[in-house]
Structures are given as structure tokens and as C-alpha cells.
Amino acid sequence: MAAVRLSDVAAAAGVSQATASRVLNGSSRIPGEGVADRVRAAAADLGYVANAQAQALARSSTGLIGLVVHDVADPYFSSIVRGVQNEARTAGKLVLLASTERDFDIERQSVSTFISHRADAIILAGSRQSGDLDRDLEQEFAAYRKNDGKVVVIGQPLPFGSAVEPENFTASAQLAEALIGEGHRRFAVIGGPGNIRTSVDRRNGFVDALSRHGLAPEIEVAGDFSRDGGYSAARRLAAALELHPDHGQERSLRSDPSDMPPCVFAVTDVMAIGAIAAWRGLDLRVPEDVCVAGFDDIPTLRDHFPSLTTVALSLVEIGERAVRLALDTPADVHEYAPGTVVLRASSALNR
């Protein structure tokens with residue numbers, strides 16, 4: 001059976017094809033209500049399916065938002081995706097999602113594909129890299145922005161477009177201050193890749209706050225931004241610090257700060273969870289033998305034991321804010337998303 005054409009609908013409604021197109025494709029030039037009702041009724045009777053590309057041309061909008069994330073399986077990004085979808089649904093938009101696995105060639109290809117589909121806005125979620133990679137993106141986006149396409153970054157801002165930037169440096173410094181306030185004096189850091197700005201900002205904020213108290217990490221190790229990255233880094237850290245199970249000595253008997261367990265800051269919760277798993281395999285207990293803190297407050301922490309000290313980001317809200325910037329803000333805007341320190345069992349010191 002042949003597909004029903006727009007000309008068939010026009011003939012059934014007794015109108016021109018141009019009039020039928022304006023009614024069905026959402027043009028702002030809509031004929032009288034009686035004519036519009038007749039066209040819609042004819043389309044319904046015939047089973048006509050409107051052409052999405054024709055609708056986009058008539059409305060000067062595809063109703064699409066492109067969203068690029070580093071890893072959709074990571075609870076950090078899946079929470080942001082949820083926020084973007086929530087706000088897009090409210091605005092009557094559809095989200096196209098690409099997950100790059102931190103491959104910046106895939107990111108650029110995804111952006112190019114979204115542009116070719118005439119997405120109304122493109123949101124990039126995740127830490128930026130400085131240098132040629134972002135300059136390549138700037139060239140990719142140049143013509144898109146000239147045609148009224150909107151660009152929003154969740155993370156460190158690009159030289160163009162809007163941004164919702166988590167306060168990574170400031171919030172990590174606040175975490176360090178809170179841990180010092182708990183009584184910690186020994187620290188170590190599990191960082192991420194050195195070319196990822198989120199990792200660098202979180203590490204620098206934490207270490208800068210320590211230095212203001214005359215403290216410094218005893219050791220710093222780095223791994224991938226993943227559970228496995230945290231796992232392997234934690235095993236190296238345990239070897240370097242010569243951590244051993246000390247199940248026979250009660251914490252209350254440790255009067256010397258040097259006898260207290262080190263507190264390890266992992267720059268993401270996912271890495272912290274991997275670290276705890278590694279230490280458990282070495283028969284090290286958290287927080288008795290080693291304390292740990294993360295960053296992000298991902299949803300899966302609700303089921304994790306011991307409960308993880310972290311910095312809470314409103315990840316769903318961050319996704320929602322990015323969509324509002326993309327759709328409601330005519331000029332480029334740079335907003336900040338603060339973090340909140342949440343102290344839990346994983347860093348508890350009971351002298």
C-alpha cells in the first residue's frame with residue numbers, strides 16, 4: 001500500500017497543498033480554524049504521517065537537543081541525563097544522546113551529527129581539555145552558532161556558548177577544611193588523568209586548603225575516572241603508605257596523630273568506591289585502617305557501606321539548568337553550581 005502523501009490530504013480537505021503543509025507542519029501562517037480542522041480531520045482519516053524535516057523547516061526548529069556525555073553508565077552522567085530529559089520534556093523537546101567514552105574524536109563526530117540533524121541546542125557534559133581539541137570544536141560550532149544554534153557546557157566553559165560549572169576547586173577546599181575539622185592530619189590523594197580539568201581543579205582545591213594549615217598529602221596517585229581506576233590506584237597507594245590491617249588496636253588507644261589512619265581524597269565517588277573495594281581485598285577496613293572521601297554524591301551511594309563522605313552536587317538540577325540556558329537565554333551565560341560537604345562514616349575518627 002502506497003504511503004499517503006500531503007497532496008492526498010489536500011485533495012481530501014479541498015485545499016491547496018501549501019495550505020495543508022502550513023497546517024500539518026506547524027507553520028505560524030495557519031489558515032482559518034474551520035480550514036485547519038478540515039485538514040487535520042482529512043489527515044487523521046487517511047492516516048497521514050507528517051514529515052519531520054518539513055516540520056522543522058516550517059517551524060525553524062527541529063525540537064531536538066543534542067546531549068554529549070563521557071560515559072552514560074557513570075552515575076554522575078546518568079543523573080545529568082535525567083535532568084536534561086526532565087527539562088526537555090517540559091519544553092516539548094526530544095533529547096538525542098551520545099556517549100563518547102572520553103574519546104574526543106567521537107565527541108567531535110557526535111557534535112557534527114547533531115549539527116547535521118539541525119538540533120536546536122547542543123549540550124556538552126563533562127570536563128574539558130585545553131588546547132587543540134577545544135579549538136577544533138570551536139570551528140565545528142562556528143557556523144552552527146551563526147544559524148542560531150545554542151551551545152551549553154556542563155563543566156569548565158569554552159570560549160563560546162553558555163556554561164553550568166560545578167565549583168570543583170572551592171568545594172574540594174571546603175571538603176579539606178571539614179576533614180581537618182574532624183581531626184584528620186594525615187592525607188593522601190587519588191587523582192584522575194592530569195589532562196582532565198575537573199580532576200586537576202578538585203585536586204588543587206583540596207591540596208591548597210591543606211597547605212593553609214601547614215599540611216600536605218603524604219602521597220598522590222592517579223588513575224582513570226572509573227571504578228577500576230580507583231581500584232588500581234588504591235592498591236598502589238596502600239603499598240606506598242605501607243598500610244596494614246590493625247584490627248587488634250582500638251582507635252581510642254591511638255593518642256599520637258601519626259598513628260591515626262590516613263584520609264584519602266578520591267576526586268570522584270566512583271573512584272572512591274573502587275578504592276574501598278581494593279582495600280577490602282587487602283583486609284583493610286574503612287574507616288578503621290584508612291579513611292576515604294569522594295566527590296559528586298552519586299545516587300548509588302545510598303546503598304554503599306560504609307556511607308561515603310563526599311561533596312554533593314545537584315546533578316539532576318545541573319542538567320535542568322543547562323536546558324534552560326539553551327532554550328531561554330538569548331546571550332551566553334556562565335552559571336556556577338556549588339557543592340555541599342557531606343560528612344559520613346567513611347571519614348569518621350573516634351578517638
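How are α1 and α3 oriented to each other, roughly parallel or oblique? In this predicted model, the axes of helix α1 (residues 6-13) and helix α3 (residues 33-46) approach within 8 Å and cross at roughly 125°. Angles from 65 to 115 degrees count as roughly perpendicular and those over 145 as roughly antiparallel; α1 and α3 are therefore oblique to each other. Their crossing is right-handed. On the α1 side the contact is made by Asp-8, Val-9, Ala-12 and Ala-13, and on the α3 side by Arg-38, Val-39, Ala-42, Ala-43 and Leu-46.

The chain holds twelve helices and twelve strands. Of its 351 residues, 49% are buried. Among contacts with a separation of 6 or more, 75% are between residues 24 or more positions apart.

A second helix pair was examined in the same terms. Two packed helices are described by the angle between their axes and the distance between the axes. For helix α10 (residues 227-241) and α11, the axes come within 7 Å and cross at roughly 50°. That angle makes α10 oblique to α11, and the crossing is right-handed. From α10, the residues that meet α11 are Arg-227, Gly-229, Gly-230, Tyr-231, Ala-234, Arg-235, Leu-237 and Ala-238. Their partners in α11 are Val-270, Met-271, Gly-274, Ala-275, Ala-277, Ala-278 and Trp-279.

In soluble globular proteins, nonpolar side chains tend to be buried together. The largest nonpolar core of the model has 74 residues, of which Leu-67, Ile-123, Phe-187, Ile-190, Phe-206, Leu-237 and Trp-279 touch the most other members. Helix α11 (residues 269-281) supplies the largest share of this core, seven residues. At least three residues of the core come from each of domain 2 (64-166) and domain 3 (168-244 + 254-313 + 340-347). Leu-237 and Trp-279, both listed among the residues that touch the most other core members, also take part in the meeting of α10 and α11.

With neighbours within four places in sequence left aside, Leu-67 is in contact with Val-81, Val-84, Val-95, Leu-96, Leu-97, Ala-98, Phe-114, Ile-123 and Ala-125. A second, separate core of 16 residues includes Val-111, Phe-114, Ala-119 and Leu-137.

Ala-119 is found in the loop between α6 and β3 (121-125). Its relative accessible area is 5%, so Ala-119 is buried. Ala-119 and Ile-65 are 54 residues apart in sequence, yet their C-alpha atoms are 5.4 Å apart. Beyond residues up to four places away in sequence, Ala-119 touches Thr-62, Leu-64, Gly-66, Phe-114 and Tyr-144. Leu-137 lies in helix α7 (residues 132-146) and counts as buried because its relative accessibility is 1%. Outside its sequence neighbours up to four places away, Leu-137 touches Glu-107, Arg-108, Val-111, Leu-124, Arg-128 and Phe-160.

Thr-100 is placed in the loop between β2 (94-99) and α6 (104-116). Thr-100 counts as buried because its relative accessibility is 1%. With neighbours within four places in sequence left aside, its contacts are Val-68, Val-69, His-70, Ile-106 and Glu-107. Glu-107 is also touched by Leu-137.

Several backbone features were noted in loops. Most residues other than glycine have a negative phi, and most peptide bonds are trans. A cis peptide bond joins Val-286 and Pro-287, with omega about 5°; Pro-287 is in the loop between α11 and β9 (291-293). The bond from Phe-305 to Pro-306 is also cis, and its omega is near -5°. Pro-306 belongs to the loop between β9 and β10 (310-312).

Positive phi values occur at Asp-148, where phi is about 75°, and at Asp-283, where phi is near 65°. Asp-148 is in the loop between α7 and β4 (150-154) and is exposed, with a relative accessible area of 68%. Asp-283 is found in the loop between α11 and β9. At 46% relative accessibility, Asp-283 counts as partly exposed.

Note on methods: Residues numbered from 1 in each chain as written. Predicted model: local features only at pLDDT ≥ 70, side-chain atom pairs only at ≥ 80, totals over all residues. Heavy atoms only, no water. Helix = DSSP H or I, 4+ residues; strand = E, 2+ residues; numbered from the N terminus. Buried < 20%, exposed > 50% of the residue type's maximum accessible area, 1.4 Å probe, protein only. Contact = heavy atoms within 4.5 Å. Core = buried A, V, L, I, M, F, W, Y, C linked by side-chain atoms within 4.5 Å. Domains from an automatic or database assignment. Axes fitted to C-alpha atoms, helices over the stretch in contact; angles between N-to-C directions. Parallel < 35°, antiparallel > 145°, perpendicular 65-115°, else oblique. Left-handed = near helix turned anticlockwise from the far one by under 90°.
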